[in-house]
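Good morning, and thank you for joining. Please have the structure open on your screens while I go through a few of its features.

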Amino acid sequence: MSDARLLAGSDTIEAPARRPRAGKLRLSLLGVLLPVGAAILWETAVRSGLAQGRLAPPPSRIAATLSELAANGDLWLHARATLARVAAGFALGVLAGTLLGALSGASRVARALLDPTLQGLRAIPSIAWAPLFILWLGIFETSKIALIAIGVALPIYLGTLGAILAVDRKIIEVGHSFRLGGFALARRILLPAVLPHYVTALRAGLGLGWMFVVAAEFMGASEGLGYLLVDAQQLGKPAQMIAAILIFAVLGKATDALLVAGAAPFLRWQDTAANTQG
Amino acid sequence: MLSFEHVAKTYPAGAQALDDICLGVEEAEIVAVIGASGCGKSTLLRIAAGLDRASAGRIRVDGDEIAAPHPAVGIVFQEPRLFAWLTVAQNVGFAIAHLSRGAREARVASALESVGLASHADRWPRQLSGGQAQRVALARSLVARPRALLLDEPFSALDAFTRADLQDQLLALWAAARPTLLLVTHDIEEAIVLADRIVVMRPHPGRIAAILKVDAARPRDRLSPEFEALKREALRVLGLGRRAAA
């Protein structure tokens, strides 16, 4: 596959970073100022007795809760349960969304058949499915994964279809002029042309997957970060709530970064700054 | 080598783009087709490229009827149409992916050398200027060694200096491999600089109004009296005399 050559050599990617690397670093440090500053402020306010910190616990108490959860193994247990649900729902959603999107993108008849229904489904807030899914699929894993999958599938369907429809007809014509057709045309031209949009769709889908896993776990779960939240609510443990939220943030960001990193070798051509030649 | 036999094209809506085009292009000949926009010259080229079908008549390359893109015929479009996800070298090697790696790389290198872009092999298309991108497109088509190359207003998007450069470069490439060139242009001077014969077309429907022969040796002097005379003749056939004088 010619894409393999894209993987080789990684020396041209620095082009945009060549300019103000130090300045950029300093600017990104600026972004840390607000949350860290607020945390320090709150910590001192609570310690000095200016605020009680009962409903909004100071960072030290959240950190203590986190380390406690980590120490007794609960953190890993709940994070793993949630990750497994997101992974399963995301995988199913990607599969369904990609297949349907590719089908609709490839054939006008399929699009006429599928698109109105899927657009209609998209208008339903996916959480509205929850009671029905519980009725159909039970209260356990299946209904949760189905809910996540449907939340993931729809934006990926839309993104895949949009990406295919946006491929420049003129580029496809070049393929025709070199006598490419069918599978070769799809592999050598359509696939790489669609990839950037598709990755964006995957990221949107993953983000929704994390959104829906919370909803799914609110429906009733005995483990998972969503359960941790519900549990904290019932027992009045705000530090545990914030801890769970923080873990959501870290995992969501980490999985997104993983996705971006996985796609990066194939999208290197996008990263280079235009007109570096002067 | 390329023969157009009573080629006609009528679009489904009823508009007649081409009517009874007959033309023979010789081996290694350079023929330019000029005419106002809407005279069907690009349609003619697209049919020859196998990207469009004639409503009547046929185009043959070495006796072979063209019904789909033909291996002996290459095309360069008005825009470079490079693959943004491939490097310059990978773009040029696109059409010869079936060759062994060594053979492919050798041919890509020599094609890039011949368009003066050997040092740009590892660039991405978006890092190229318009003229460079079009040179890559030229190399990408020539690397497959077509016996005939069709060019659809290939330099019309470029500035005058770059255009003149590329015209020279095209002539040099032609001199090296001597493919048959069929060039569609709306630039009369470009036609006179490059072509052995100039086919002048008129619209509604697209027909051949005249075929002018250019006998002057290359490289041609744009300031010579012969050049001027040919330009006048072409403008007259196109019916642009008065407007051109303004």
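**Helix packing and local geometry**

I begin with chain A, where A:Ala130, A:Phe133, A:Ile134 and A:Leu137 of α6(A) are in contact with A:Thr142, A:Ser143, A:Ala146 and A:Leu147 of α7(A). Sorted by class, this contact of α6(A) with α7(A) holds six nonpolar and two polar residues, and no charged ones.

Two packed helices are described by the angle between their axes and the distance between the axes. Helix α6 of chain A spans residues 130-137 and helix α7 of chain A spans residues 141-166; their axes come within 8 Å and cross at roughly 140 degrees. The crossing of α6(A) past α7(A) is right-handed.

Helix α7(A) has a further partner. The axes of α7(A) and α9(A) also come within 8 Å, and here the crossing angle is roughly 160 degrees. The two helices, α7(A) and α9(A), are therefore roughly antiparallel to each other. Their crossing is right-handed. How many nonpolar, polar and charged residues does the contact of α7(A) with α9(A) have? There are 19 nonpolar, eight polar and one charged.

Helix α9 of chain A, residues 182-218, packs in turn with helix α8 of chain A, residues 169-177, at an angle of about 160 degrees and with the axes 10 Å apart. α8(A) is thus roughly antiparallel to α9(A). Again, the crossing of α8(A) and α9(A) is right-handed. On the α8(A) side the contact is made by A:Ile171, A:Ile172 and A:Gly175, and on the α9(A) side by A:Leu185, A:Arg188, A:Ile189 and A:Ala193. By class, these residues divide into five nonpolar, one polar and one charged.

I now come to confidence. The model has an ipTM of 0.89 and a pTM of 0.81. For chain A the average pLDDT is 86, with 90% of the residues scoring at least 70. Where in chain A is confidence lowest, and where is it highest? The lowest mean, 41, belongs to helix α1, residues 4-7, and the highest, 95, to helix α4, residues 74-106. Residues 1-18 of chain A have a pLDDT below 50, and this stretch makes 17 contacts in the model beyond near neighbours in sequence. Residues 274-278 of chain A are likewise below 50, with six such contacts. Where pLDDT is low, the predicted coordinates should not be read in detail.

Chain B averages a pLDDT of 89, and 98% of its residues score at least 70. Its secondary structure comprises eight helices and ten strands. With a radius of gyration of 18 Å, close to the 18 Å that the globule rule gives for 246 residues, chain B is as compact as a globular protein of that length. Its C-alpha atoms fill a box of roughly 50 × 40 × 30 Å along the principal axes.

Finally, some backbone details of chain B. The peptide bond joining B:His204 and B:Pro205 is cis, with omega about -10 degrees; B:Pro205 sits in the loop between β9 and β10. Another cis bond runs from B:Arg218 to B:Pro219, with omega near -5 degrees, and B:Pro219 is in the loop between β10 and α7 of chain B. B:Asp20, although not a glycine, has a positive phi of about 50 degrees, and this residue lies in strand β2 of chain B.

Methods
Residues are numbered from 1 along each chain as its sequence is written. Chains are lettered from A and ligands numbered from 1 in the order in which they are written. This is a predicted model: local features need pLDDT of at least 70, side-chain atom pairs count only at pLDDT 80 or more; totals for chains, interfaces and linings use all residues. Axes are lines fitted to C-alpha atoms, for helices over the stretch in contact, and angles run from 0 to 180 degrees between N-to-C directions. Helices (H or I, at least four residues) and strands (E, at least two) are DSSP runs, numbered from the N terminus. A crossing is left-handed if the near helix is turned anticlockwise from the far one by less than a right angle, and right-handed if clockwise. Two residues are in contact if their C-beta atoms, placed from the backbone, lie within 7 Å. Ala, Val, Leu, Ile, Met, Phe, Trp, Tyr, Cys and Pro count as nonpolar, Asp, Glu, Lys and Arg as charged, and the others, Gly among them, as polar. pLDDT is the predictor's confidence in each residue, from 0 to 100. The radius of gyration is taken over C-alpha atoms; the globule rule is 2.2 Å times the number of residues to the power 0.38. Angles under 35 degrees count as roughly parallel, over 145 as roughly antiparallel, 65 to 115 as roughly perpendicular and the rest as oblique.
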